[in-house]
Amino acid sequence: MGFIRIDFDEYLENTLILGSWWILCSLVFYYSRSIRLRKKSLLRILYLVLFLTGILLLDQWMDIPDNPVSIFLLILFWMGIAQFVAPVFFKKFQKSIFLVYGLVWIAFTLLRWNEAYLKEHHQLAILMLLIPIPFFLIIWVFEQWKRIKDLESQKNQAELAMLKNQINPHFLFNTLNNLYGLCVEKSDTAPEVVLKLSDMMRYTIYEGKKQEVLLSKEVDYIKNFLGLQQLRHRNEPQIDFEVNIDQDGLISPLLFIVPVENAFKHGVEKMTEGAFVRISLISGPEKLKFQIENNFDPESQDAKPGIGLENLKRRLELAYPARHSLVITQDKATYKVTMEILWN
């Protein structure tokens, strides 16, 4: 039909076209889970498909060998692929990428006008488009190595901050005072409080140092924290913790405690009555969903945002790039945090 034309002497061009369609088709399958989390990803892939189809149809319609316009549009197409696959890397080096490929395209266009030279060095002219790719791949690998090191550094800082928050004098003394009162009353719950506090400190110090922990251990840690918080507050806040674990996967430690702590620090502790904290954690075969909702006193709300959630966002970006979602909503007297993580 003349729609597909293959010149068996043009190895590089055939490789580029085949590679373009191969990558486009692979993106749909490779990012299938991410597409379920973000529908915009599928639209971007469809736009790239339409763009490549338009380039090929335009090149066939113009019927100009080594058309500089088609080459320019193909460069933009590959930039779109790079921006989709590695958005952080592309954003950081986009000026360098545009500069390098701008110069390559200008050089290719100048060679294109010299017909005699182009016929002799046609493969070299096409190869000019591929030469920068290995260098950018090396830079990308180096950036991935830096990201891993940054993740370790951020994790260590978060663990240190979390350790300070969990065993700071205010938290520890309040818990010990309540424990002392239970001991004076000879309450049967005193040993349980000691066990909860001991388990929390052990988890923070030892388990928090690991790269990943079982989700069930993280749940036990939150339960101990909620138990001690319920003991501390005499206004008896309503605390609901719904857990449904279909898959006990491995997860980065101390991720959920930040929004849980905020719910008590900015909500329960500043209310005299009617305080509530509702937590839901659902782990399925494909993703993990964590949601926490609490009410607060609008008059005592601190307008300055804390660094806890900012650190949490950074940790999620480093540990689960393109595989997480963090949505924070707030109305007049209710605060909600929804976190989703796709299992690898």
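## A look around the predicted model

L254 sits in the loop between strand 3 (250–251) and helix 12 (257–265), where helices (H or I, at least four residues) and strands (E, at least two) are DSSP runs numbered from the N terminus. This is a predicted model, so local features need pLDDT of at least 70 and side-chain atom pairs count only at pLDDT 80 or more, while totals for chains, interfaces and linings use all residues. Residues are numbered from 1 along each chain as its sequence is written, and side-chain values use heavy atoms, with hydrogens and water left out.

Back to L254: its phi is near 60°, a positive value in a residue other than glycine. L254 counts as buried because its relative accessibility is 2%; buried means under 20% relative accessible area, exposed over 50%, and partly exposed in between (1.4 Å probe, protein chains only).

Now the rings. Searching the whole structure turns up eight aromatic pairs. Rings of Phe, Tyr and Trp (its six-membered ring) pair if their centres lie within 6.5 Å; planes under 30 degrees apart count as stacked, over 60 as edge-to-face and the rest as tilted. F142 and W145 are stacked, because their ring centres are 5.9 Å apart and their planes are at 25°. Both belong to helix 8 (residues 132–166), three residues apart, about one turn of the helix.

| Residue | Relative accessible area | Class |
|---|---|---|
| F142 | 46% | partly exposed |
| W145 | 48% | partly exposed |

Elsewhere, the charged end of R278 sits over the ring of F276, 3.9 Å from its centre. That label needs NZ of Lys or CZ of Arg within 6 Å of the ring centre and within 35 degrees of the ring normal.
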